Amino acid sequence: MAEQAGKSGKGPHWWRIFHDKFVVEERYMEPGARRNLYRAAVILIGVGALMFIATLVGVVQSGTAPWGPDEPIRDWLLGTRSETLTGVMIFLAVIFGPIALPIIVLVVTVAWGFAAKHAWRPIVLAAAMLSGVVISQIILQIVRRSRPPVELMLFGADHTFSFPSGHVLGACDFLLVGTFLSFSRRENPRSAVLGFAGAGVGIVLAAVSRLYLGYHWLSDALASLSLALVILGAVIALDTWRTARIPGERITGELSKADAPGD
């Protein structure tokens, strides 16, 4: 009877396959390394929250008008405009936009989920992206900040609210969270440093493209980066709590292949 249930996919065998594939992904690490991950999570959440609050207070006090370096940065970018640079910035805006980026995320998460021994990390990446979308939409409707003048926009008029920038938040979440989830299982710290350096370049390009094209203020992009740091910290804390085990602790599923004995 048990064998028949296992073969039919409706018994304990089916649940075990589901559990090991989608529920757990565990790895061994030293106690100090796990503490460092929790510290990093707390620092990221704290710094991100403080940055966001400071930016939000400044924007609200300005009456949702330009604040701090918003106008000087905008004026400087206006002076750098050229036909070639505009084409590059439009390309970046499309890549990190509301159509292309969700498709990229879907392809990455589905392919990663099928290819990996465990689907925990692609699921977390998708959840982080969705959380960013929900949070940004809520804040947009609460703050209701106007975008820069329509006549400055180079890729069609946009009359929606601008704080925070959805393009920049999506780019930050995808690049930062994706980099952490990809490199957190590797023992070579240099690869993680290079990965986050690449993510930083991508974030700067995404932010500059939105400012250059005339759709956002600098403070919109800073708010998005701040929220992304909070989300990254939350992901690190969640992933560490769910997957990081020190020698002697109970394991509920198969170890990640990268951390299995002998690998």
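Me: What lies 3.0 Å from a polar atom of the side chain of Thr109?

Reply: The backbone oxygen of Leu106 does. Bear in mind that this model is predicted.

Me: What makes that pair a polar contact?

Reply: The cut-off for a polar contact is 3.5 Å between N or O atoms, with one able to donate a hydrogen and the other to accept it. The Leu106 oxygen is at 3.0 Å from the Thr109 side chain. The backbone oxygen of Val105 also lies by a polar atom of that side chain, at 2.8 Å. Both distances fall within 3.5 Å.

Me: Is Thr109 called buried or exposed, and why?

Reply: Buried means under 20% relative accessible area. Thr109 has 12%, so it counts as buried. Thr109 sits in helix H6. Leaving aside neighbours within four places in sequence, Thr109 is in contact with Pro122, Leu125 and Ala126.

Me: What makes Arg145 buried?

Reply: The limit is under 20%. Arg145 has 0% relative accessibility, so it counts as buried. Arg145 is in the loop between H7 and H8. Beyond four places in sequence, the residues that Arg145 touches include Val59, Trp67, Phe161, Phe163 and Trp217.

Me: Which side chain makes a polar contact with the side chain of Arg145?

Reply: That of Asp220, at 2.8 Å.

Me: How do you know that the length of H3 agrees with its number of residues?

Reply: H3 has 31 residues. The expected span uses one less than that number, at 1.5 Å each. This gives 45 Å, and the end C-alpha atoms are 45 Å apart, so the two agree. After H3 comes Gly63, with a positive phi near 75°.

Me: Which residues of H3 are buried, and what do they pack against?

Reply: Among them are Arg34, Leu37, Gly48, Phe52 and Val59. The buried residues of H3 pack against strand S1, H7, H8, H10 and strand S2.

Me: What makes a set of residues a nonpolar core?

Reply: Its members are buried nonpolar residues, joined through side-chain atoms within 4.5 Å. The largest such core here has 51 residues, and Leu176, Val177, Leu181 and Val235 touch the most other members. H3, H5, H6, H7, H8, H9 and H10 each supply at least two residues. The largest share, 10 residues, comes from H8. Take Val235: beyond four places in sequence, Val235 is in contact with Val124, Ala128, Val177, Phe180 and Leu181.

Me: Where does pLDDT stay under 50?

Reply: Over residues 1-11, with 4 contacts beyond four places in sequence. Also over residues 259-263, with 7 such contacts. Helix H1, residues 2-8, has the lowest mean pLDDT among the elements, 40, while helix H10 has the highest, 95. For the protein, the mean is 85, and 87% of residues reach 70 or more.

Me: Why does a low pLDDT call for caution?

Reply: Where pLDDT is low, the predicted coordinates should not be read in detail.

Key. Residues are numbered from 1 along each chain as its sequence is written. This is a predicted model: local features need pLDDT of at least 70, side-chain atom pairs count only at pLDDT 80 or more; totals for chains, interfaces and linings use all residues. Side-chain values use heavy atoms; hydrogens and water are left out. pLDDT is the predictor's confidence in each residue, from 0 to 100. Helices (H or I, at least four residues) and strands (E, at least two) are DSSP runs, numbered from the N terminus. Contact means heavy atoms within 4.5 Å. Buried means under 20% relative accessible area, exposed over 50%, partly exposed in between (1.4 Å probe, protein chains only).
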